[in-house]
Amino acid sequence: MPLIAFPTSQLLWVRLAALLFTCVAFSVAAHGASLSHGGMSDWCIFCWAFSFACTLLVLLVEQFGLQTRAPVSWSNFPITVACYAALLCLSASVIFPLFFLKDQYPRQEVRDHRIASTVFSCLAAVAYMGEVSLTKARPGEVAGYMATAPGLLKVCQTFVACVIFILISDPVSYDHHAALKWCMAVYCICFILSMAVVVLCVGEFTGCLPIPFSKFLSAYGLLAAIMYLTATIIWPVFQFDKSYGSRGRNSPNTIAAAVLTALNFLLYLADLAYTARLVFVTV
């Protein structure tokens, strides 16, 4: 009977570790952590389950040599998944203990399950960061766009924007001044365009644009950096300055949104700097 030989590599072991860690994290949380449905518990379970499912898909496709039959660019898809999974598991590693361990005093067995989920979530985040480090493009290497620094920055930009949406939407904190509505427009426009770049690269649709992809990236990067610069200035001024009718809305959510807006501005600025000097080949 013929045997199927599975080649091993450092990348394979890292992916298997991430698969194991995410599986343990959501299994332990779902089995014995006594979590209520809805809210942050569902978000953490989603982070671990989504990461597990995507990693399993990547492993199966690569181990059975089905990359050429996949309807996506395989030079872009695995590292995109790994980067999103790293950010999702990192967010779950922060959120889960804050909501379900800090100032919580369940019975010891439940607390042990929650601690175990947190530990394995942290390990999964580290494993995914290791995968990104192993698969990102090296200087002079021909790679897909998502494996380059600007591609990875696009993933971070969209993730940070999603967190901002959550912070400013519950409760709504952008509706009491037109300037804050402009900030919301900035978040939405830049998120949509960044996500469009990710989809175009992963789906191999970059050739469908009416202009060269590199020119589109440069123009969009400059526009996004300028737009986020305005939001970085406007959001704290109109949220925290009482002379603009802010009514002192310095809640933790609005403060966090201001910090993340500045962070995303720096990400777009770095993206623009990399794009200006990056020459890449779409594989």
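Predicted model: local features only at pLDDT ≥ 70, side-chain atom pairs only at ≥ 80, totals over all residues.
Visitor: Why is Ser 34 called partly exposed?

Guide: Buried means under 20% relative accessible area and exposed means over 50%, with partly exposed in between (1.4 Å probe, protein chains only). Ser 34 has a relative accessible area of 45%, so Ser 34 counts as partly exposed.

Visitor: Which residues does Ser 34 touch, not counting residues up to four places away in sequence?

Guide: Ser 34 touches Arg 107, Val 110 and Arg 114, where contact means heavy atoms within 4.5 Å.

Visitor: What makes Glu 62 and Arg 15 a salt bridge?

Guide: A salt bridge needs a side-chain nitrogen of Lys or Arg within 4 Å of a carboxyl oxygen of Asp or Glu. The closest N and O atoms of Glu 62 and Arg 15 are 2.6 Å apart, within that limit. Glu 62 lies in helix 2 and Arg 15 in helix 1, so the pair ties together parts that are 47 residues apart in sequence.

Visitor: Are these two residues buried or partly exposed, Glu 62 and Arg 15?

Guide: Glu 62 is partly exposed, because its relative accessibility is 26%. Arg 15 has a relative accessible area of 4%, so Arg 15 is buried.

Visitor: Which residues are linked with Arg 15 in a network of salt bridges?

Guide: The network links Arg 15 with Glu 62 and Glu 131. The side chains of Arg 15 and Glu 131 meet at 2.9 Å, N to O. This pair links distant parts of the chain, Arg 15 in helix 1 and Glu 131 in helix 4 (residues 108–135), 116 residues apart. Glu 131 is buried, as is Arg 15.

Visitor: How many salt bridges does the rule count?

Guide: The count comes to three. One of them joins Asp 271 and Lys 154, with the closest N and O atoms 2.5 Å apart. Asp 271 lies in helix 8 (residues 252–277) and Lys 154 in helix 5, so this pair ties together parts that are 117 residues apart in sequence. Asp 271 and Lys 154 are both buried.

Visitor: At what angle do helix 5 and helix 6 pack?

Guide: Helix 5 (residues 149–169) and helix 6 (residues 178–202) pack at about 145°, with their axes 9 Å apart. Axes are lines fitted to C-alpha atoms, for helices over the stretch in contact, and angles run from 0 to 180 degrees between N-to-C directions. Among the residues that meet are Lys 154, Ile 164 and Phe 165 in helix 5, and Tyr 187, Phe 191 and Val 197 in helix 6.

Visitor: Why is Val 197 called buried?

Guide: Val 197 has a relative accessible area of 0%, so Val 197 counts as buried. Leaving aside neighbours within four places in sequence, Val 197 is in contact with Tyr 145, Lys 154, Phe 213, Phe 216 and Leu 217. The C-alpha atoms of Val 197 and Phe 216 are separated by 9.6 Å.

Visitor: What makes Thr 261 buried?

Guide: The relative accessible area of Thr 261 is 1%, and therefore Thr 261 is buried. Thr 261 is found in helix 8. Leaving aside neighbours within four places in sequence, the contacts of Thr 261 are Ile 164, Tyr 187, Tyr 228, Ala 231 and Thr 232.

Visitor: What is the phi of Glu 204?

Guide: Glu 204 has a positive phi of about 60°, although Glu 204 is not a glycine. Most residues other than glycine have a negative phi. Glu 204 is in the loop between helix 6 and helix 7 (213–240). Its relative accessible area is 49%, so Glu 204 is partly exposed.

Key. Residues numbered from 1 in each chain as written. Heavy atoms only, no water. Helix = DSSP H or I, 4+ residues; strand = E, 2+ residues; numbered from the N terminus.
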